[in-house]
Amino acid sequence: EFVLLLPEQDLAGASIAVERVRAAVQARALVHPQSEHGVVTISGGLASSSSIVPLTAEGLLHAADLALFESKAVGRNTLTVVSEAPRALT
């Protein structure tokens, strides 16, 4: 796993940037026989913080991590965007 930090980027711009990264990795067509796609792909979890929905650095990372797990759960090679602060895990 890795993190992309996109300061000064709004949610729409960050979504475009992350989708470009996802598509570029898939376009490399690196063979991955165990993947359902047959090539290396990436899944993404995107979270954003704003003055309306402020998050600490830890909260932002947690939100992105939850979104990443959702991307993996729905089949990988996808991007999930968190549009609001996640609720506490119970």
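**Briefing: pocket, core and fold of a predicted model**

The largest pocket has a lining of 41 residues, and F2, V3, L4, G44 and G45 are the ones that lie nearest its centre. Two or more lining residues come from each of α1 (11-27), β1 (44-46) and α2 (57-73). The structure is a predicted model, and its chain of 90 residues has 24% of them buried.

**Largest pocket**
- The volume of the largest pocket is about 1100 Å³.
- Helix α2 provides 7 residues, the largest share of the lining.
- Sorted by class, the lining of this pocket comprises 21 nonpolar, 13 polar and 7 charged residues.

**Nonpolar core**
- Five residues, namely A47, A63, A64, A67 and V82, form the largest nonpolar core.
- Leaving aside residues up to four places away in sequence, A64 touches G45 and A47; A47 also belongs to the largest nonpolar core, while G45 is among the residues nearest the centre of the largest pocket.
- In soluble globular proteins, nonpolar side chains tend to be buried together.

**Fold and contacts**
- The chain contains 2 helices and 2 strands, which follow the pattern α-β-α-β along the sequence.
- Among contacts in the chain with a separation of 6 or more, 52% are accounted for by residues 24 or more positions apart.

**Surface**
- The chain has an accessible surface of about 6400 Å².
- Carbon and sulfur atoms hold 58% of that accessible surface.

Terms used: Residues numbered from 1 in each chain as written. Predicted model: local features only at pLDDT ≥ 70, side-chain atom pairs only at ≥ 80, totals over all residues. Heavy atoms only, no water. Core = buried A, V, L, I, M, F, W, Y, C linked by side-chain atoms within 4.5 Å. Buried < 20%, exposed > 50% of the residue type's maximum accessible area, 1.4 Å probe, protein only. Contact = heavy atoms within 4.5 Å. Helix = DSSP H or I, 4+ residues; strand = E, 2+ residues; numbered from the N terminus. Areas by Shrake-Rupley, 256 points an atom, 1.4 Å probe, with all protein chains shown as cover. 1 Å grid on protein atoms, 1.4 Å probe; cavity = no way out; pocket = protein on both sides within 12 Å on 5 of 7 lines; lining within 4 Å. Points joined across faces, edges and corners; volume = space filled by probe spheres on them. Nonpolar A, V, L, I, M, F, W, Y, C, P; charged D, E, K, R; others polar.
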